[in-house]
Amino acid sequence: MDSIALEGGFSDAPITAATAFRAAMNAMARPGKIEVLEGAMPPPPVSIAAGSLLLTLCDPETPVTLLGAADTKDMRDWLTFHTGAPFVAPEAAMFVLGTWADLTPVTRFAIGTPEYPDRSASLIVECEALIARGARLTGPGIETEAHLDLPEIDAFEVNRQLFPLGLDFFFTAGDRVAALPRTTVVEAG
């Protein structure tokens, strides 16, 4: 393992992890709201926000899949050193990181079971930018409506119809994060 894997973790782990966790949960509780999420410096091309999410939410019992440009030796070594998370096939992952093109079709990921809907995957979608316009979002955690530029609408409409099963999404760009839980209604903006 080289020095890249040893660097870039949370500098003051208890405080930074707590701050990152709060930002991630705020994003999930308020779909479409863009939050700052920082603290980690993962190997390129993974964003600060995506790396911070992985360090905050993963541990040795959290199976992960890295797809596309995120699936590098440096990133695998970094995540292993800082979290101990095991790497698994996409259909067995609890967290999956990649661009939208890498992640589609999303039907291959775990959506939970009727007995355990929480055993579904959360997808971390790396984006070029997060913009609060575009798709119209309504549902729990949104007072009237929110807007978020999404890569498509259809996949999120289908996902919502699966409730209480389904996928949860985090969108990351730089040090920004927004979330889209399975309870959110997504319509063209």
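Biologist: Is T172 buried or exposed in this model?
Modeller: T172 counts as buried, because its relative accessibility is 0%, and buried means under 20%. Please note that the model is a predicted one.

Biologist: Where does T172 sit?
Modeller: T172 lies in strand β7, which covers residues 168-173.

Biologist: And which residues is T172 in contact with, leaving aside neighbours within four places in sequence?
Modeller: The contacts of T172 are S47, A49, A50, L53, I124, V125, E126, C127, L130 and V177.

Biologist: I124 is in that list. What does I124 touch, not counting residues up to four places away?
Modeller: I124 touches T172 and F170, together with A50, L53, L54, F95, V96, L97, G98 and L103.

Biologist: Which residues have the most contacts inside the largest nonpolar core?
Modeller: They are L53, L97, I124 and F170, in a core of 28 residues. Two or more residues come from each of α2 (13-29), α3 (48-57), β2 (64-66), α4 (73-83), β3 (95-99) and β8 (176-180). Helix α3 gives the most, with 6 residues.

Biologist: What does the second core include?
Modeller: That core is separate and has 26 residues, among them V106, F169, F171 and A178.

Biologist: Turning to pockets, what volume does the largest one have?
Modeller: Its volume is about 200 Å³. Of its 13 lining residues, V106, T107, A155, V158 and N159 are the closest to the centre.

Biologist: Which helix gives the most to that lining?
Modeller: Helix α6, residues 154-161, gives the most, with 3 residues.

Biologist: How do the lining residues divide into nonpolar, polar and charged?
Modeller: The lining has 9 nonpolar residues, 3 polar and 1 charged.

Definitions and conventions: Residues are numbered from 1 along each chain as its sequence is written. This is a predicted model: local features need pLDDT of at least 70, side-chain atom pairs count only at pLDDT 80 or more; totals for chains, interfaces and linings use all residues. Side-chain values use heavy atoms; hydrogens and water are left out. A nonpolar core is a set of buried Ala, Val, Leu, Ile, Met, Phe, Trp, Tyr and Cys residues joined through side-chain atoms within 4.5 Å. Buried means under 20% relative accessible area, exposed over 50%, partly exposed in between (1.4 Å probe, protein chains only). Helices (H or I, at least four residues) and strands (E, at least two) are DSSP runs, numbered from the N terminus. Contact means heavy atoms within 4.5 Å. On a 1 Å grid over the protein atoms alone, a cavity is a set of points where a 1.4 Å probe fits but cannot get out, and a pocket is an open set with protein on both sides within 12 Å along at least five of seven lines; lining residues have an atom within 4 Å of a point. Grid points are joined across faces, edges and corners, and a volume is the space filled by probe spheres set on the points. Ala, Val, Leu, Ile, Met, Phe, Trp, Tyr, Cys and Pro count as nonpolar, Asp, Glu, Lys and Arg as charged, and the others, Gly among them, as polar.
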